[in-house]
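Biologist: Before we discuss details, please display the model and its sequence.

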Amino acid sequence: RRNSFNYLRNKINRLKMKIKELFTENYTPHWSKIFGIPLFNQMLTTEQNSEWHKEGNVAVHTQLVTEAMANYLDERAFNKESEYYLLMMAAAICHDIGKVTTTKFNDKINEYTCRNHAKEGGRLARLLFFDEDVELREKLCYMIRHHMDAFEIVKENIKLERFTLPREEAIKFMEEKEEPYKVELIQDLPEGSVISFYKQGDFV
């Protein structure tokens with residue numbers, strides 16, 4: 001299937017992209033280039049749940065979200081050459097790439113669903129930007145993977161909780177959450193370290 005994870009993985013692995021390549025010299029989204037990438041091109045034909053997304057397919061939704069993000073950042077005069085600006089804009093562009101491989105039509109509810117699209121999006125972004133600076137790449141992957149968590153936190157007004165774990169337990173905890181690069185960061189810490197975590201609901 002043209003929208004399967006394995007098909008797109010083979011296409012993506014050949015690109016060796018950097019995050020900045022999503023943008024023009026003026027740091028505006030380079031949409032003609034973006035939609036020329038197989039992963040993003042599939043957005044043009046990936047439909048969405050009509051109850052939540054009256055605007056249309058994933059490509060239309062992505063452009064609207066990215067436009068809103070650019071307006072938010074520009075109104076607050078963020079430096080376009082800063083890492084923060086780059087990551088926020090890239091996250092807007094990439095936040096729903098996981099819908100390409102997870103969207104299915106559910107006959108029981110007569111509607112499109114995209115279960116685990118945020119998690120899938122983080123995996124796809126890691127492949128797409130595999131040759132990017134690892135810290136920058138993982139920040140973006142984290143934002144994509146957890147972009148739905150913020151919605152749930154705000155909706156349910158979940159309390160923020162702090163807890164700590166010894167280094168070895170923290171490694172095991174992150175392994176169970178499938179966070180390999182956080183595991184590496186913790187492994188770089190001295191033995192006997194105690195790591196702090198912050199939790200809101202299932203979001204850590």
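Modeller: This is a predicted model. For what follows, Ala, Val, Leu, Ile, Met, Phe, Trp, Tyr, Cys and Pro count as nonpolar, Asp, Glu, Lys and Arg as charged, and the others, Gly among them, as polar.

Biologist: Into how many nonpolar, polar and charged residues does the lining of the largest pocket divide?

Modeller: The largest pocket has a volume of about 850 Å³, and 32 residues line this pocket. By class, its lining divides into 15 nonpolar, ten polar and seven charged residues.

Biologist: Which element supplies the largest share of the lining of the largest pocket?

Modeller: Elements that each supply at least two lining residues include α4 (58–75), α5 (83–94) and α9 (147–156). His95, His117, His147, Met148 and Phe151 lie nearest the centre of the pocket. The largest share, eight residues, comes from α9.

Biologist: What distance separates the end C-alpha atoms of α8?

Modeller: Helix α8 has twelve residues, which at 1.5 Å a residue should span 16 Å. The model agrees with this expectation, because the end C-alpha atoms are apart by 16 Å.

Biologist: How are the rings of Phe163 and Phe197 arranged?

Modeller: The structure holds six aromatic pairs. In the pair of Phe163 and Phe197, the ring centres are 5.3 Å apart and the planes lie at 15°. Phe163 lies in strand β3 and Phe197 in strand β4, so the pair ties together parts that are 34 residues apart in sequence. Planes under 30 degrees apart count as stacked, so the arrangement of this pair is stacked.

Biologist: Is Phe197 buried or exposed?

Modeller: The relative accessible area of Phe197 is 7%. Buried means under 20%, so Phe197 is buried.

Technical notes. Residues are numbered from 1 along each chain as its sequence is written. This is a predicted model: local features need pLDDT of at least 70, side-chain atom pairs count only at pLDDT 80 or more; totals for chains, interfaces and linings use all residues. Side-chain values use heavy atoms; hydrogens and water are left out. On a 1 Å grid over the protein atoms alone, a cavity is a set of points where a 1.4 Å probe fits but cannot get out, and a pocket is an open set with protein on both sides within 12 Å along at least five of seven lines; lining residues have an atom within 4 Å of a point. Grid points are joined across faces, edges and corners, and a volume is the space filled by probe spheres set on the points. Helices (H or I, at least four residues) and strands (E, at least two) are DSSP runs, numbered from the N terminus. The expected span of a helix is 1.5 Å times one less than its number of residues. Rings of Phe, Tyr and Trp (its six-membered ring) pair if their centres lie within 6.5 Å; planes under 30 degrees apart count as stacked, over 60 as edge-to-face and the rest as tilted. Buried means under 20% relative accessible area, exposed over 50%, partly exposed in between (1.4 Å probe, protein chains only).
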